[in-house]
Amino acid sequence: MRFSPAQQRYNRRALWLSIAYMALLLPAVYLLSRHMVGGPAAYVIGVAPALPICGLFWAMGLYLVEESDEYLRMMQTRALLVATAIALTATTIWGFLEGFELVPHLPAYIWSVVWIGGLGIGAGTCRITARRSA
Amino acid sequence: MNNHLRGLRAERGWSQQDLADRLEVSRQSVNAIETGRYDPSLPLAFRIAELFSLPIEQVFVSPSATG
């Protein structure tokens with residue numbers, strides 16, 4: 001399968017952001033779980049692994065701006081909507097269950113992971129529904 | 001939306017990829033348009049018609065004409 005130029009740029013950005021995430025996460029976990037850093041520095045180190053994840057959202061938005069192929073852009077937009085629906089639904093349901101102390105507490109960043117996972121589901125369902133409508 | 005893209009392409013001996021390259025879109029786009037799964041925007045529809053040197057209505061079939 002050939003990637004469009006915009007897809008190639010997105011893939012490159014996503015790869016670099018993933019590498020940055022791992023490079024920032026490991027020292028953050030090491031330093032903060034052992035309470036080796038405190039004060040403002042702890043906040044800087046603590047927020048650092050979140051930034052590449054935020055960068056993925058930026059890269060996704062940039063992809064939609066840069067993609068000149070209208071069909072690919074539409075498919076990706078649909079996948080993003082599916083991912084958003086999955087993440088918001090999961091967040092809402094889990095939030096209520098957690099509020100009633102029926103499920104354990106989850107760290108909030110998990111919903112970003114759910115959203116990114118939802119992108120894969122979204123891409124799959126969009127392909128299936130597109131095939132069915134033929 | 002029904003269209004005559006497959007026939008027009010076949011007349012010229014072009015693959016979907018050949019047509020995609022000429023239109024500067026992906027092969028998936030050509031496939032989706034050809035099979036009626038995706039209706040192209042007006043600018044893209046005009047680009048397709050101009051590529052085949054045909055009026056747009058000889059490439060795409062009006063939905064109201066098909067009933």
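**Note on the predicted two-chain model**

1. In chain A, helix α3(A) passes α4(A) in a left-handed crossing, a term for a near helix turned anticlockwise from the far one by less than a right angle, with clockwise giving right-handed. The contact is made by Met60(A), Tyr63(A) and Leu64(A) on α3(A), and by Arg73(A), Gln76(A), Thr77(A) and Leu80(A) on α4(A). Residues are in contact if their C-beta atoms, placed from the backbone, lie within 7 Å. Four of the contact residues are nonpolar, two polar and one charged. Here Ala, Val, Leu, Ile, Met, Phe, Trp, Tyr, Cys and Pro count as nonpolar, Asp, Glu, Lys and Arg as charged, and the others, Gly among them, as polar.

2. The model is predicted: local features need pLDDT of at least 70 and side-chain atom pairs count only at pLDDT 80 or more, while totals for chains, interfaces and linings use all residues. Residues are numbered from 1 along each chain as its sequence is written, and chains are lettered from A and ligands numbered from 1 in the order in which they are written.

3. Helix α3 (residues 50-66) of chain A packs against α4(A) at an angle of about 150 degrees, their axes being 9 Å apart. Axes are lines fitted to C-alpha atoms, for helices over the stretch in contact, and angles run from 0 to 180 degrees between N-to-C directions. That angle makes α3(A) roughly antiparallel to α4(A) (under 35 degrees is roughly parallel, over 145 roughly antiparallel, 65 to 115 roughly perpendicular and the rest oblique).

4. Between the chains, nine residues of chain A are in contact with twelve of chain B. Helix α4 (residues 70-99) of chain A gives the largest share of chain A's side, three residues. That side of chain A divides into four nonpolar, two polar and three charged residues.

5. Chain B has five helices and zero strands; helices (H or I, at least four residues) and strands (E, at least two) are DSSP runs, numbered from the N terminus. Helix α2 (residues 16-23) and helix α3 (residues 27-34) of chain B pack at about 110 degrees with axes 8 Å apart, and are therefore roughly perpendicular to each other. Gln16(B), Gln17(B), Leu19(B) and Ala20(B) of α2(B) meet Arg27(B), Ser29(B), Val30(B) and Asn31(B) of α3(B) in this contact.

6. The C-alpha atoms of chain B fill a box of roughly 30 × 20 × 20 Å along the principal axes.

Definitions and conventions. Contact = placed C-beta atoms within 7 Å.
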